[in-house]
Amino acid sequence: MGIHGLMTYIGENHTFFNNVKLQNTKIVIDGNNLFHRLYFDSGLDLKHGGEYDLFTDVICKFFEALACCNITPYVVFDGGCDCTDKKFETIKQRAREKIQKARVISRGGGGTLLPLLSPEVFKQVLTHLQVPFVQCHSEADRDIVTLANRWACPVLTLDSDFCVFDLKAGYCPLNYLKWQNVISHNDLSGSYIPAQCFSIENFCNHFSLRNKALLPLFAVLNGNDYVNLSSLETFFARVHFHAKTATTGRKNMRIQGLLNWLSRFTDPKEAVENIVTYLKQNEHQEVRKVLYSLMDEYTESEVDLTKFFQNKDVRPHIPTALASKAPEWVCLALIKGELAPFLSDCLILKRTFLQTQVENTGRASSNRCSLHIRQVMYGLLRHPSESCPDLTSDLLNSMLAKEEHSKVHCVEEFDRYDQTLRKNSVGVVLKGFDSNEIYSLQRLPEISMSGRINFLVDTLRAKSDVQALPAHLQLTVAVTCSWVAHAEPKVTLHHLQALLLCIVAGELHKIIHKPDVERIVSSEWSPPRIPWAAFICALTRRETLPALVPVAASEKCF
């Protein structure tokens, strides 16, 4: 969520922290926060799509440092948007800000915008390193707190909300974790990572707060991602807050003043009753209800992730909103991080925010060229048979023929249009482009592997027999064919050659520099015996890959 200005404020006062030697412990890690910090703090490229190989090295070094100190990590990721949609306006504003960041970076300016595939690379590396992780159904903060308190271990993140949560073993901000400076001793004490842990006791004592249960009310009043109460402005206008120490900046004055004001009260109820005395009588009940509801966001959740981490076969808690929209295998795949969280947004909210990347904002969004793919995905997710399992094929075909169906079964996409954020209603596609076969989420696990590949190739509109290729190249070739056919502006021969050279370089790098490292996607992978030079030479004589693939296969280039 994030409490406005608090992280900067506490960073200016080191009395709020205790020095710790991190070793011989479990630790719960905020996954989304970690992959952002590792990428940005490593100075990796932000302008050209991402330096994923170097990013992989950074991730491995981080978890090697933890292992060296006998620290057992458990990574927890955010899921989709909350089904109550209470953060919708905040998400829209952040999407707008990302568009502006991308524009500045594309013109050589500064700023940070995470390359698109960074989260998936991070999860793949975790899988390869056998680091346990879970993907929550919505924002992960409360689940992280619950898990850390069950195990009485610290939380690793960089989120000011964790200064308010009551954590038994404390909160270690990522920027105070010196993981690149592991301290080793020759004695029996073992290696450790120097860190600083935020102390909620030190924080409360500094402001003479008698009850740390007042901190959630402070977070709500100061402002977080959920607060939008115009009535509170009347309260702030009528109450004079005193800051005990000289400071710069209005935000710091508000933080100090609020905390000093709250020190007058023994518990949140007393403080809330004092707040409503400054408001109109007809606003009292609504403000009380909203304040208590928002304070509940800083309590532990009912989800017990300890059982999931101890036994992956244990069926975890699945929210009713999701369970009613998707079969169990989809719910489990979302929890295990095998499916992207935006899919749950499509299922529950019928809406998604497409990711922004650094590109020429004078042209159409690069997401446009994959619209036909997303329409099929939305068709699977919004298939009528998911909510109506008794629907017959004849009735379904009748629905497909009606224009009314496409209006009801659509997904709202938020994407960049020039330099602004625009909403579009995208109609779903319930069958393949070259076949009349209709698939649903319920049926997918029952389809043969060859049938799934045909469905994928049909969705990509890749006019190539990819099943004639080695298994680890099929997806690469199919996606490349689709890219060549649908990219706008059009792909040139030089673009295609550059892509293939990158693929060759990657394969050669694995063979030369990492001969003993198993490929993440397959434990049985071995370096491919493919004459890439002949393949590239053949490519220079043809304009597009779709024309090349059948010829290359017949010439045994693969």
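**View 1. A nonpolar surface patch includes Leu 456.** Leu 456, Leu 475 and Val 479 form this patch, with about 250 Å² of accessible area together. Patch residues have over 30% relative accessible area and no salt bridge, and nonpolar side chains (Val, Leu, Ile, Met, Phe, Trp, Tyr) are joined within 5 Å. Areas come from the Shrake-Rupley method with a 1.4 Å probe. The model is predicted: local features need pLDDT of at least 70, side-chain atom pairs count only at pLDDT 80 or more, and totals for chains, interfaces and linings use all residues. Residues are numbered from 1 along each chain, and side-chain values use heavy atoms, without hydrogens and water.

**View 2. Helix α21 spans residues 449-460.** Helices are DSSP runs (H or I, at least four residues), numbered from the N terminus. Leu 456 lies in α21. At 38% relative accessibility, Leu 456 is partly exposed (buried is under 20%, exposed over 50%, partly exposed in between). Buried residues of α21 include Ile 453, Phe 455 and Val 457. Their cover includes α17 (371-381) and α22 (471-486). Arg 461 follows α21, with a positive phi near 55 degrees.

**View 3. Lys 212 forms a salt bridge with Asp 166.** The closest N and O atoms are 3.2 Å apart. A salt bridge puts a side-chain nitrogen of Lys or Arg within 4 Å of a carboxyl oxygen of Asp or Glu. Lys 212 also meets Glu 201 in a salt bridge (3.6 Å, N to O). Lys 212 lies in the loop between α7 and α8 and Glu 201 in helix α7, so the pair ties together parts eleven residues apart in sequence.

Key: Helices (H or I, at least four residues) and strands (E, at least two) are DSSP runs, numbered from the N terminus. The expected span of a helix is 1.5 Å times one less than its number of residues. Buried means under 20% relative accessible area, exposed over 50%, partly exposed in between (1.4 Å probe, protein chains only). Contact means heavy atoms within 4.5 Å. Patches are made of residues with over 30% relative accessible area and no salt bridge: like charges are joined within 9 Å, nonpolar side chains (Val, Leu, Ile, Met, Phe, Trp, Tyr) within 5 Å.
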